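Dear colleague,

I am handing over the structure below, and my notes on what was found in it follow. Please read them with the coordinates open.

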Amino acid sequence: MMDRRLLFFVASLCFVGSVSASAGDADPLYKSCLDECQSTGCVGENCFHHCRFSSDGASLEGPWYMQEPLYLRWKRWDCESDCRYSCMMRREKEREALGLGPVKYHGKWPFLRVLALQEPVSVALSALNLIMHFHGWLSFFILLYYKLPLRPQRRRTYYEFTGLWHIYGILAMNSWFWSTVFHCRDVDLTEKLDYSSAVALLGFSLILAVLRTFNVREEARRVMFAAPLLAFVTTHILFLNFYNLDYGWNMTVCVLMGIAQLLLWAVWAGVTHHPSRWKLWVVVFAGGLAMLLEIYDFPPYKGFVDAHALWHATTIPLTYLWWSFIRDDAEFRTLTLLKKAK
């Protein structure tokens, strides 16, 4: 929905371009540095012993990138990663001395590592978003089952969209978990898990937006509305993972799903008499402004904070407000149904 990745993931994961040919990795000096590192295991005076020797100190046999000690492969700081990072940092120092600004390498800005974290600020902010979603979902659960009255026959909630919001909360937490992992280390597996979880959340958010704004309560009608969208999202995820991770096509799909949700919630907020519709308006407009951070990208300040990291920061308070609206909606619908029952 309009949570951190309703409109926000439309920008963050969907406005990404192809990472195969950035200005930095096309630089002849950078390429030369990589070749030297791959053949000698050194970048200047900085040498990586795991590039040239096995864990017992013997000479490597076979390709250098296949002979990493297990603990290095587990952390994913292998020879190739260390060579890329060191060559990137050396090239950036040379560019800075010439008065040139940073450029992207393999689709990403040059970030400074902290411990085993590739983008430490984005990791921390993604983790905070995960915590905010857990807090929002838990408070929603407590409100429904411990504060609001339950149906006396089956001890079930009066709120008709309870189950859907539970699924949404699980998908949101899953999406932010893989976002955290992805920013720790960008490899093929973490990229696909991050993209897939984001698309799954965005697709389910669209389904939920349709069902809530049109107040679809009957199970048969819900299936009729949800089935085509669910089939499309599932097919798209399978396409990205097993056929072609096409960034342009993924951008198109995400943008269309995001705009559809934005329009649904904006129109519904305009025509409904919901007492908390102002929260929805804030999330809609603030989310639109936050998306500008993804469109107008800029290099990381001091090697740590870029536009994407700031986007992660803006989603934290918006996530809190979004779950506040969800709780208000549950309370509003419950009280309305109780009045009708009397």
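**Confidence and conventions**

The protein chain has an average pLDDT of 85, with 85% of the residues scoring at least 70; pLDDT is the predictor's confidence in each residue, from 0 to 100. This is a predicted model, in which local features need pLDDT of at least 70 and side-chain atom pairs count only at pLDDT 80 or more, while totals for chains, interfaces and linings use all residues. Residues are numbered from 1 along each chain as its sequence is written, and side-chain values use heavy atoms, with hydrogens and water left out.

Among the elements, helix α6 has the highest mean pLDDT (97) and helix α1 (residues 8–12) the lowest (47), where helices are DSSP runs (H or I, at least four residues) numbered from the N terminus. The pLDDT is below 50 over residues 8–20, a stretch that has 44 contacts in the model beyond near neighbours in sequence, a contact meaning heavy atoms within 4.5 Å. Where pLDDT is low, the predicted coordinates should not be read in detail.

**Cores and aromatic pairs**

The largest nonpolar core has 43 residues, of which Phe140, Trp165, Tyr168, Trp322 and Ile326 touch the most other members. Such a core is a set of buried Ala, Val, Leu, Ile, Met, Phe, Trp, Tyr and Cys residues joined through side-chain atoms within 4.5 Å, and buried means under 20% relative accessible area (1.4 Å probe, protein chains only). Helix α8 gives the largest share of this core, 11 residues, and a second, separate core of 15 residues includes Cys33, Cys51, Cys79 and Val103.

The structure holds 22 aromatic pairs, counted where rings of Phe, Tyr and Trp (its six-membered ring) have centres within 6.5 Å, with planes under 30 degrees apart taken as stacked, over 60 as edge-to-face and the rest as tilted. Phe140 and Tyr159 are edge-to-face, at 6.4 Å centre to centre and 75 degrees between the planes; because Phe140 lies in helix α6 and Tyr159 in the loop between α6 and α7, the pair ties together parts that are 19 residues apart in sequence. Both of these residues, Phe140 and Tyr159, are buried.

The ring centres of Trp265 and Trp322 are 5.6 Å apart and their planes are at 85 degrees, so this pair is also edge-to-face; Trp265 belongs to helix α10 and Trp322 to helix α12, 57 residues apart.

Ser324, likewise in helix α12, is buried at 10% relative accessibility.

Best regards

Definitions and conventions: Buried < 20%, exposed > 50% of the residue type's maximum accessible area, 1.4 Å probe, protein only. Helix = DSSP H or I, 4+ residues; strand = E, 2+ residues; numbered from the N terminus.
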